[in-house]
Amino acid sequence: MPYLFSETSFVNSDVIYMDNHATTPIAPEVLTAMMPYLTTHFGNAASTHPFGIAAKDAVEKARAQVATLLGCSPGEIIFTSGATESDNLAIRGVATAQAEKNHIITSTAEHHAVLDTCHALAAEGFETTYLPVDTYGMIDLDDVAAAITPKTALISLMYANNEVGTINPIAEIADIAQKHGVVFHSDAVQGIGKLPSNMETLGVDLASLTAHKMYGPKGVGALYVRAGGYERHPRIQLQPLFYGGGQEMGVRPGTLNVAGIVGLGAACELYQDREKRNQDREISPTGVLRDRLHEELRTRLTDIHLNGHPEKRLPGNLNLCFEGVQSHALLAGLKQVAVSTGSACDSESVKPSHVLTAMGVPHELAVTAVRFGLGRYNTAEEVDVVVEEVVATVNRLRELSRGM
Ligand code: PLP
């Protein structure tokens, strides 16, 4: 049954939400699908009575919905608590399952869920190679090929960057990995549900996704494991992170989050239905709004710089440096819009985002970066309000710093 689309969300605030890379509001259609599993259909999917069977049926329907979006078979989907767990399971699970190999390749611009898992494995004796990225935040294919050794157990490189939106050449990386017989995992969190999401086309062996970046609930995600993966594929062995009741074929035990899983499945189906509706448009509606925001800011402000690739970038991403205006001061001054900065403040200093640093953005510029993350529910009117406020606030802060 096709969804009745609602273009309104539950967002009900005077503040305009433009932080959709951090999380997205739940779609009303997704909540509707979940509600019975939070109320009347509360069974444990492992139980064999009618309550359990209803829950299990819902989980399997959701598995099929996720698989349809990814163009894979339902047996290739393992439900998890979100992408942090999926990343940990993929990287640690693959690395520790190959006793004869001890080398992992990743990049300096990955999410901390990947970076910190690699750091932890390094502390346990694994060798890790952190590939550099170019000034756009993109991986160089020659670097991938050059880093592979006979000891390489896994390559883990993200589909699209969560800060600057840059899209990596995943299919080409997959070709290299395959040629060398190395397992390839991609943290595909920001790409799935926004970019082409067919696993066969992308060629990855494992991919992490999470519901809350695609208008689903928080605390639920999945790991795609290629073609029977850890069970039948001779290349992919996966060591579980923890042990228990044997759910998810023993790879991810624990009572299933039925309502969350139903929400993830519904979010996948909803995205596909919307894509079909938008298929005649060359640029996504979110991309149009993002470009309008960029164009207006570029026209009305001097000394702003785009971070990330000008074209190979997520449609909703706009990461800008506003020269001379510290991002924390700008965020504090913006009362009508919720955006984010990748930098972290402590009492002594501002630490710029590791992604911008990896891209070679100088410190004094990196601490002025602000990420606008546009999403499904943003409107042109909102963009216009945001432009006015950003322009006024940047101008005011620049005047203040010049002592005017
Ligand atoms: N990977 C990327 C690229 C992300 O953007 C995020 C969320 O910020 C994660 C992993 C972690 O996802 P989750 O919040 O589902 O654990």
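Biologist: At what angle do the axes of α10 and α14 cross?
Modeller: This is a predicted model, where local features need pLDDT of at least 70, side-chain atom pairs count only at pLDDT 80 or more, and totals for chains, interfaces and linings use all residues. Numbering runs from 1 along each chain as its sequence is written, and side-chain values use heavy atoms, with hydrogens and water left out. Axes are lines fitted to C-alpha atoms, for helices over the stretch in contact, with angles from 0 to 180 degrees between N-to-C directions. The axes of α10 (residues 285-300) and α14 (residues 380-401) come within 10 Å, and they cross at roughly 25°.

Biologist: Are α10 and α14 roughly parallel or roughly antiparallel?
Modeller: Angles under 35 degrees count as roughly parallel, over 145 as roughly antiparallel, 65 to 115 as roughly perpendicular, and the rest as oblique. The crossing angle here is roughly 25°. Therefore α10 and α14 are roughly parallel.

Biologist: Which residues of α14 make the contact with α10?
Modeller: Contact means heavy atoms within 4.5 Å. From α10 come Leu289, Arg292, Leu293, Glu296, Leu297 and Arg300. Facing them from α14 are Ala380, Val383, Asp384, Val386, Val387, Glu388, Val390 and Val391.

Biologist: How many charged residues are in the contact of α10 with α14?
Modeller: Asp, Glu, Lys and Arg count as charged; Ala, Val, Leu, Ile, Met, Phe, Trp, Tyr, Cys and Pro as nonpolar; the others, Gly among them, as polar. The contact has nine nonpolar residues and no polar ones. The charged count is five.

Biologist: How far apart are the axes of α2 and α9?
Modeller: Helix α2 spans residues 50-70, and helix α9 spans residues 258-277. They pack at an angle of about 35°. Their axes are 8 Å apart.

Biologist: What is the class make-up of the contact of α2 with α9?
Modeller: The α2 side includes Ala55, Ala58 and Val59, and the α9 side includes Ile261, Val262 and Cys268. By class, the residues are 13 nonpolar, four polar and one charged.

Biologist: Which cysteine sulfur is nearest to that of Cys268?
Modeller: A disulfide is a pair of cysteine sulfur atoms within 2.5 Å. By this rule the count is zero. Cys268 is in no disulfide, and the nearest cysteine sulfur lies 9.9 Å away, in Cys72.

Biologist: Is Cys268 buried or exposed?
Modeller: Buried means under 20% relative accessible area, exposed over 50%, partly exposed in between (1.4 Å probe, protein chains only). Cys268 has 0% relative accessibility. So Cys268 counts as buried.

Biologist: What is the phi of Tyr215?
Modeller: Tyr215 is in the loop between β7 (206-210) and β8 (221-225). Tyr215 is buried, at 8% relative accessible area. Although Tyr215 is not a glycine, its phi is positive, about 70°.

Biologist: And what is the phi of Met249?
Modeller: Met249 sits in the loop between α8 (229-232) and α9. At 41% relative accessibility, Met249 is partly exposed. Its phi is positive, in a residue other than glycine, and near 60°.

Biologist: Which residues are in contact with Leu397, leaving aside neighbours within four places in sequence?
Modeller: Leu397 is in helix α14. At 17% relative accessibility, Leu397 counts as buried. Beyond those neighbours, the contacts of Leu397 are Val325, Ala329 and Leu330.

Conventions. Helix = DSSP H or I, 4+ residues; strand = E, 2+ residues; numbered from the N terminus.
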